Amino acid sequence: MSRPLRIEFAGGLYHVTSRGDGQETIYLNESDRLIFLELLANVVAKHNWAVHAYCLMDNHYHLLIETPDANLAKGMRQLNGVYTQRFNRIHQRVGHVFQGRYKAIIIQKDAHLLEVARYIVLNPVRAHMVNNAVEWPWSSYRASAGLCNVPDWLNTDWLLSAFSPQRSSALPRYAGFVAEGKNQPKLWDSLRNQVFLGSEEFVADLLSKSNHQSLTDIPYAQRRPPAKQLAEISKANGRDSAIVQAYASGTYTLKEIGDYFGLHYSRVSRIVNVKR
């Protein structure tokens, strides 16, 4: 089987996995996991990523990442590369920590974001490591379910707004949605061309927009300019256009934008979806 294509584009949503070399464990203790999450936070800040879900297993990890700047490969090189250096230095080892290239599947956001996010946090349950997602401390489930503080680098707004405009209602509905996923059919049965999870139209649209440059990694060569202040964005645009521009900058969360314009984050989410 040929190696999957690497496709990068602005606003891409990816399910990313990376496994230990020779299926070896990549986290030997709690400290390793905390170091990895710290590095992930640094990558998110530097490369303008949005992380919608994550799960750290023993010999691999799962991430659900959105890339406003079309720079997945650049961020992944930093994440896996720096972690390998730290891991080897701390444990006095040499050589590879991860097995070859990471795997990245492009997700059609409106159709599959929820299913992929659920799949990710249920990994420890499917592996019979715990009975319920809440029992595994190394995933985004607890934060998304409102059971602990949400890290600054984790974006739960999109996920929760799909269940209810009110956070108090969205949280239990999200928890119920995850619980119902234990016996769902395999998510990857619908995978296309080893790299797409979406409709035929979604795949065709991506390939046409990429103008065939999608057959190789496309590095993001320029740093994004500093984001404008919300007041400046609002002054130069109508409300809805300002909301879309502010979110596209990657600097402001749905909640921050909603607070500025006096809107609930779910309303901001709907405006962004309509305008895209």
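Buried, in this talk, means under 20% relative accessible area; exposed means over 50%, and partly exposed lies in between, with a 1.4 Å probe and protein chains only. This is a predicted model, in which local features need pLDDT of at least 70, side-chain atom pairs count only at pLDDT 80 or more, and totals for chains, interfaces and linings use all residues. Residues are numbered from 1 along each chain as its sequence is written, and side-chain values use heavy atoms, with hydrogens and water left out.

First, the whole protein. There are 12 helices and 5 strands, taken as DSSP runs numbered from the N terminus: H or I of at least four residues for helices, E of at least two for strands. Of its 276 residues, 47% are buried. For contacts, meaning heavy atoms within 4.5 Å, consider those with a separation of 6 or more: 70% of them join residues 24 or more positions apart.

Now H60. This residue sits in strand β3, which covers residues 60-67. Its relative accessible area is 8%, so H60 counts as buried. What is H60 in contact with, leaving aside neighbours within four places in sequence? The partners are S18, R19, I26, Y27 and N123. The H60 side chain also makes a polar contact with the side chain of N59, at 2.8 Å. A polar contact is a pair of N or O atoms within 3.5 Å; within protein, one must be able to donate a hydrogen and the other to accept it, and residues adjacent in sequence count only if both atoms are side-chain atoms.

Last, the cysteines. C55 is buried, at 0% relative accessibility, while C148 is partly exposed at 38%. The structure holds 0 disulfides, a disulfide being a pair of cysteine sulfur atoms within 2.5 Å.
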